[in-house]
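Trainee: Could you take me through one part of this model closely? I would like to understand how the two chains are arranged and how they meet.

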There are 2 protein chains.
Amino acid sequence: MMVFDMRVTAESIFEIDDAENIYRAVLPESESNDFERSVVDISVTDTGLLLNITANDSVSMRSALNTWLRLVQIAYEIGEVSQPFFNEEYR
Amino acid sequence: MMVFDMRVTAESIFEIDDAENIYRAVLPESESNDFERSVVDISVTDTGLLLNITANDSVSMRSALNTWLRLVQIAYEIGEVSQPFFNEEYR
């Protein structure tokens, strides 16, 4: 598949409550260097998470976005599902 | 698959030359209402294309982003490949 150089930047904002825990869960992935053609930065904001990705082409952008949207979704779901076990009724 | 409501917005900037033609090629897709759980807006800027997507959850965001990144990539490649045929040597 031809890959044409086309610089792409994507800023994604997730409005979620449990941002700090999700951030800690996915942060190690940002330190792995699986993404040669893109750079990922994730941070916590007062309304949720901010995900910034810069890539050299839209194919690399799609790959990085897919991975990170999935990582955030999974971390979010685990938090939602496991929440009851941290509440009073299970202590 | 559980889908949790988690509002996500993504702003993607494509730094490309042929933005006006790519914009015209992909614009009809933004008028189709295939994306119930996300809203897509694409516009031309002085450095390329600006793609704004808002979605109710990250699964819908991934679907819309994948579609739109692919649409822009294909329109871009068609422009690159067909360019010689519009140049002097083929007239």
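Predicted model: local features only at pLDDT ≥ 70, side-chain atom pairs only at ≥ 80, totals over all residues.

Now look at the helices. Helix H2 of chain A, residues 58–86, packs with helix H2 of chain B, residues 58–86, at an angle of about 180 degrees, and their axes are 10 Å apart. Angles over 145 degrees count as roughly antiparallel, and therefore H2(A) and H2(B) are roughly antiparallel to each other. On the H2(A) side, the residues that meet H2(B) include Ser58(A), Val59(A), Leu65(A) and Gln73(A). Among their counterparts in H2(B) are Ser58(B), Val59(B), Leu65(B) and Gln73(B). Sorted by class, this contact of H2(A) with H2(B) has 8 nonpolar, 6 polar and 4 charged residues.

Strand S2 (residues 38–44) and strand S3 (residues 48–55) of chain A run antiparallel and are joined by 7 bridges. A hairpin of 3 residues links S2(A) to S3(A). To pick out one pairing, find Ile42(A), whose bridge partner in S3(A) is Leu51(A). As you follow a strand, remember that in a regular strand the side chains alternate between the two faces of the sheet.

Notes
Residues numbered from 1 in each chain as written. Chains lettered and ligands numbered in written order. Heavy atoms only, no water. Pairing = 2+ DSSP bridges. Helix = DSSP H or I, 4+ residues; strand = E, 2+ residues; numbered from the N terminus. Axes fitted to C-alpha atoms, helices over the stretch in contact; angles between N-to-C directions. Parallel < 35°, antiparallel > 145°, perpendicular 65-115°, else oblique. Contact = heavy atoms within 4.5 Å. Nonpolar A, V, L, I, M, F, W, Y, C, P; charged D, E, K, R; others polar.
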